[in-house]
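This report concerns the aromatic rings of the structure shown below, their pairings and their contacts with charge.

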Amino acid sequence: MTKLKIANIASGIVSIVIGGFFYFLTFGFPEIETDLLGPDFLPRLYCFLLIFFGLILVIQGVIKKYSDEETGIQRSKTIGYALSSMAIVFLYIIILPYIGFYISTVLAMSALLYFSKIRKPLVLVGVPLGVALFIFIVFEKLLKVQVPMGSLFL
């Protein structure tokens with residue numbers, strides 16, 4: 001059994017267990033009779049998706065055959081990208097309270113796109129700005145949800 005098969009099976013099982021645990025915790029949520037879906041709907045949906053994708057990983061680990069090229073050469077690139085992505089997300093979490101949601105989100109998305117080998121300036125700038133504008137319109141204007149503005153701008 002290759003290391004990638006074992007990793008897929010193990011991470012799939014961990015995902016299923018975590019999803020099941022948090023799904024079980026949603027039964028402790030209070031019932032709100034005026035709400036159509038209730039406060040447990042979205043967490044249960046996320047738990048279901050986590051369990052579903054965990055099952056896919058387990059099935060893929062059991063069924064799929066991996067070539068030596070796929071498990072060797074590609075792994076170093078994948079690990080590098082994963083570490084870069086984790087570092088960007090970590091920096092995003094650190095700078096978000098200081099420079100605010102919108103600026104930090106645009107910077108983080110641009111960095112993630114850049115590390116994904118996307119070099120077109122229109123995409124590197126346009127996609128993060130479009131996502132920030134979408135979030136602004138939907139959450140701030142329509143749903144009246146406040147996002148962190150950052151302590152530097154207060």
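## Aromatic pairs

In this predicted model, 7 aromatic pairs are present. One of them joins Y102 and F136, whose ring centres are 6.1 Å apart. Their planes meet at 70°, which is over the 60-degree cut-off, so the pair is edge-to-face.

This pair links distant parts of the chain, 34 residues apart. Y102 belongs to helix 4 (residues 101-115), while F136 lies in helix 5 (residues 121-142). Y102 is buried, because its relative accessible area of 16% is under 20%. F136, by contrast, has a relative accessible area of 31% and is therefore partly exposed.

## The Y114 and F115 pair

Y114 and F115 also form an aromatic pair. The distance is 6.1 Å centre to centre, and with 80° between the planes the arrangement is edge-to-face.

Y114 has a relative accessibility of 42% and so counts as partly exposed. F115 is likewise partly exposed, with a relative accessibility of 42%; this value falls between the 20% and 50% cut-offs.

## A cluster of phenylalanines

F48, F52 and F53 form a cluster, connected by ring pairs.

## Charge over rings

R44 is placed with its charged end over two rings, those of Y23 and F27. The charged end of R44 is 5.5 Å from the ring centre of Y23. For F27, the corresponding distance from the charged end of R44 to the ring centre is 4.3 Å.

Note on methods. Residues numbered from 1 in each chain as written. Predicted model: local features only at pLDDT ≥ 70, side-chain atom pairs only at ≥ 80, totals over all residues. Heavy atoms only, no water. Phe/Tyr/Trp six-rings, centres within 6.5 Å; stacked < 30°, edge-to-face > 60°. Helix = DSSP H or I, 4+ residues; strand = E, 2+ residues; numbered from the N terminus. Buried < 20%, exposed > 50% of the residue type's maximum accessible area, 1.4 Å probe, protein only. Lys NZ or Arg CZ within 6 Å of the ring centre and 35° of its normal.
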